[in-house]
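Hi,

Here's the structure I promised to pass along. Have it open while you read, and I'll walk you through what turned up.

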Amino acid sequence: MKRNPYFSQLSPSYLFSEIKDRVQRMHEHHPHISLINLSLGNTSEPLGCSTADALCQAATDLKNPSSHTGYGPEGGLLILREAICNTIYHNAVSPDEIFVSDGAKSDISRLQLLIGPMTHVAVQDPSYPAYAESCRLGRSSDPSFFSYLPSPLFSKPLLCTVPDNAVLFLCSPNNPTGEVFTHAELETLISHARRHQQIIVYDTAYQAFIQGDYPRSIYEIHGAEEVAIEIGSFSKMAGFCGLRLGWTAIPHALRYTDGQRINPDFCRLVATVFNGASLLSQQGGIQVLSLEGQKECQRQIDLYRKNTHLLQTALVQKKISVSGGRHAPFLWVKTEHKNSWDAFDFFLEKMGIVVCPGVGFGPLGEGHIRICGFGNPASVAEAASRIDRL
Ligand code: MLT
């Protein structure tokens, strides 16, 4: 077989794999150094008790002949889709507009299959690398088909650089900067998208961390259902990184340029390429969205916020320029005279702290690193004191 030519548009390894390799090399050369990993947004707190109980019950049900089930519906259990509509969207979206998935990252790639080959895709810079990389795998990254949009991108002149009929990948809170769109900014984006027949893919993986009066979902804004697909995740909200559970909302009102509806195509796509998310994870997800489950999530989120605050305080005391940290457990740190990878090496070698080089999130991430507050409190406290001793 011939190689997919677009593989050559990718760097040899994915950002987080490259970090893992460098950490491994560090371990091999300096086995005595205890490393603290604050790079990947990987949750460390245990699951909430009621959620863990729901998972055990689901396993028990599968063990009994009378309650055993095989495949579930490809789009997810109705009761979970109803709970997502109710708890996350306050019923602004209906269950047949929700497709339960094995996580945001898989859906980012699946969505690429919906996008026609000559469509321009614009990606926020900096942002989660999976958007740009999954686009590059399926299309030419010639500037007529792919562009980066500097953040903040709600300014009209910038938006005007995106061609009509394009697809825009946005995330709020932004990963890695932690910036969040305001209602007014989203209104501008949506009305621009409506006028120019653009589709917004809006990733809300970190929405549970938003504080204050900011939109948690794009569907809080009038007209969004005509231009926006939304991706959600249980990973950071409930500690499901390893359990894999998320969803994509595709409203019935969304249409391709030629007027055909997008929702039936996604339904067809999901049935073709996916057999549905794990039933165990889905039962856990139903419990996460209950009142008790949400309280358990809130406790985890409060703890990650405290971690992030501790790290931020240590950095600020060292007069290091840092932003973010309020609406996402990420600190976006300016590296002054070092490039991102040099700053990565500096943190690794001088403090034994693993961070993320900002350039991995897009060209404008150069000169930054991302430090994340998902570690367990003891290791975060140790990281803060290593920064303090620097
Ligand atoms: C990260 O940026 O660390 C990601 O959110 C990890 C992931 O979910 O792939």
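Below are my notes, starting with the ligand and then moving along to a few residues and loops. One thing to keep in mind throughout: this is a predicted model.

**The ligand**

The residues around the ligand are Phe16, Leu40, Gly41, Tyr128, Asn175, Tyr206, Lys236 and Arg370. Three of them have polar side-chain atoms worth a look. For Tyr128, such an atom sits 2.6 Å from a ligand oxygen. Asn175 also has a polar side-chain atom by a ligand oxygen, at 2.8 Å. In Arg370, a side-chain N or O atom is 2.7 Å from an oxygen atom of the ligand. On its own the ligand would expose 270 Å², and the protein buries 84% of that.

**Arg136**

Next, have a look at helix H5, residues 129–138, where you'll find Arg136. Which side chain of opposite charge is nearest to this buried arginine? That's Glu133, 4.1 Å away. A salt bridge here needs a side-chain nitrogen of Lys or Arg within 4 Å of a carboxyl oxygen of Asp or Glu, and Arg136 has none. What Arg136 does have is a polar contact of 3.1 Å between its side chain and that of Tyr148. Leaving out residues up to four places away in sequence, Arg136 touches Tyr6, Gln9, Leu10, Ser141, Phe146 and Tyr148.

**Gly373**

Gly373 is in the loop that runs from strand E13 (368–372) to helix H13 (377–389). Is Gly373 buried or exposed? It counts as buried, because its relative accessibility is 1%. Again leaving out residues up to four places away in sequence, Gly373 is in contact with Tyr304, Asn307, Thr308, Leu311 and Pro329. If you trace back to Asn37, 336 residues apart from Gly373 along the chain, you'll find 9.9 Å between the two C-alpha atoms.

**Helix H3 and what comes after**

H3 covers residues 78–88, and its buried residues are Leu80, Arg81, Ala83, Ile84, Cys85 and Ile88. What do they pack against? The partners are strand E2 (98–101), helix H8 (235–238), strand E8 (246–249) and helix H10 (279–288).

Just after H3 comes His90, in the loop that leads from H3 to E2. His90 has a phi near 45 degrees, a positive value in a residue other than glycine. With a relative accessibility of 65%, His90 counts as exposed.

As a reminder, most residues other than glycine have a negative phi, and most peptide bonds are trans. Lys319 is in the loop between helix H11 (291–317) and strand E9 (322–324). Its relative accessible area is 75%, so Lys319 is exposed.

Then there are the cis peptide bonds. One joins Asp125 and Pro126, with omega about 5 degrees. Pro126 lies in the loop between strand E3 (121–125) and H5, and H5 is also the helix that holds Arg136. Another cis bond goes from Ser172 to Pro173, where omega is near -5 degrees. You'll find Pro173 in the loop between strand E5 (167–171) and helix H7 (183–195).

That's everything from me for now.

Cheers

Key. Residues are numbered from 1 along each chain as its sequence is written. This is a predicted model: local features need pLDDT of at least 70, side-chain atom pairs count only at pLDDT 80 or more; totals for chains, interfaces and linings use all residues. Side-chain values use heavy atoms; hydrogens and water are left out. Helices (H or I, at least four residues) and strands (E, at least two) are DSSP runs, numbered from the N terminus. Buried means under 20% relative accessible area, exposed over 50%, partly exposed in between (1.4 Å probe, protein chains only). Lys and Arg count as positive and Asp and Glu as negative; His and the chain ends are not counted. A polar contact is a pair of N or O atoms within 3.5 Å; within protein, one must be able to donate a hydrogen and the other to accept it, and residues adjacent in sequence count only if both atoms are side-chain atoms. Contact means heavy atoms within 4.5 Å. A residue is near a molecule or strand if one of its heavy atoms lies within 4 Å of it. Accessible areas come from the Shrake-Rupley method with a 1.4 Å probe; for residues, only the protein chains shown count as cover.
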